[in-house]
Amino acid sequence: LAFARDGRTIATGSNDTTAALWDVATGQVRARLAGQPGPVLALAFSPDSKSLLVGRGDHTARLWDLATRKLKATFEGHTDRVNAVAFSPDGQTVVTGSNDNTARLWNAATRECLGVLEGHGRGVMAVAFSPDGRMVATGSHDETVMLWYGLSGQRKAILRGHSSSVFTLAYAPDGR
């Protein structure tokens with residue numbers, strides 16, 4: 001699930017192939033983004049909460065316009081399911097993590113792949129941008145977290161110590 005910045009809307013994804021938008025105050029469904037192939041595996045609101053990025057079991061991430069409820073873009077290039085998605089703080093870049101052991105950086109407007117982050121030995125299950133947008137973190141089934149210098153694709157560090165898959169991660173608000 002993902003919260004919109006205003007705190008009034010939650011997006012949820014399901015194995016039933018839908019993403020749903022919920023009103024936090026009433027608990028009612030505002031809308032369903034249906035007709036998508038494969039399960040919904042990951043969700044992220046754009047920083048302005050006008051778009052929703054959906055990671056899918058069909059090896060794609062799809063960007064939805066929430067005002068019109070129409071599909072705006074499809075990010076294609078992974079060779080396995082997309083488990084994790086995130087927007088950069090400025091909304092200009094997205095990162096997707098896949099069971100193909102990679103994360104990909106994309107221009108949110110043009111859908112151009114800006115780079116592939118390679119180095120994990122198993123599927124990438126979690127992705128996050130640092131608050132300043134300069135770093136990307138990826139977590140994997142290979143029991144590691146990797147820190148990357150954003151768009152350059154250079155790895156800064158490998159964090160080891162888990163004895164099982166890393167399914168989620170987050171930066172502290174101050175970026176440290």
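A: A nonpolar core is a set of buried Ala, Val, Leu, Ile, Met, Phe, Trp, Tyr and Cys residues joined through side-chain atoms within 4.5 Å, and buried means under 20% relative accessible area. The model is predicted. Its largest nonpolar core holds 14 residues, and those touching the most other members are Leu 21, Leu 43, Phe 45 and Leu 52. At least two residues of this core come from each of strand E3 (19-23), strand E4 (29-33), E5 and strand E6 (51-56). The most, three residues, come from E5.

Leaving aside residues up to four places away in sequence, Leu 52 touches Ala 11, Ala 19, Leu 21, Leu 33, Leu 43, Ala 44, Phe 45, Arg 62, Leu 63, Trp 64 and Leu 66. A second, separate core has 13 residues, among them Ala 61, Val 82, Val 85 and Ala 108.

E5 also takes part in the largest pocket, where it gives the most to the lining, six residues. This pocket has a volume of about 870 Å³. It is lined by 36 residues, and Leu 43, Ala 44, Val 85, Ala 86 and Val 127 are the closest to its centre. Two or more lining residues come from each of strand E1 (2-3), strand E5 (40-45), strand E9 (82-87) and strand E13 (124-129). By class, the lining has 28 nonpolar residues, seven polar and one charged.

The second largest pocket has a volume of about 200 Å³. Its lining has eight nonpolar, two polar and four charged residues, and strand E14 (135-140), strand E15 (144-149) and strand E16 (154-160) each supply at least two of the lining residues.

Definitions and conventions:
Residues are numbered from 1 along each chain as its sequence is written. This is a predicted model: local features need pLDDT of at least 70, side-chain atom pairs count only at pLDDT 80 or more; totals for chains, interfaces and linings use all residues. Side-chain values use heavy atoms; hydrogens and water are left out. On a 1 Å grid over the protein atoms alone, a cavity is a set of points where a 1.4 Å probe fits but cannot get out, and a pocket is an open set with protein on both sides within 12 Å along at least five of seven lines; lining residues have an atom within 4 Å of a point. Grid points are joined across faces, edges and corners, and a volume is the space filled by probe spheres set on the points. Helices (H or I, at least four residues) and strands (E, at least two) are DSSP runs, numbered from the N terminus. Ala, Val, Leu, Ile, Met, Phe, Trp, Tyr, Cys and Pro count as nonpolar, Asp, Glu, Lys and Arg as charged, and the others, Gly among them, as polar. Buried means under 20% relative accessible area, exposed over 50%, partly exposed in between (1.4 Å probe, protein chains only). Contact means heavy atoms within 4.5 Å.
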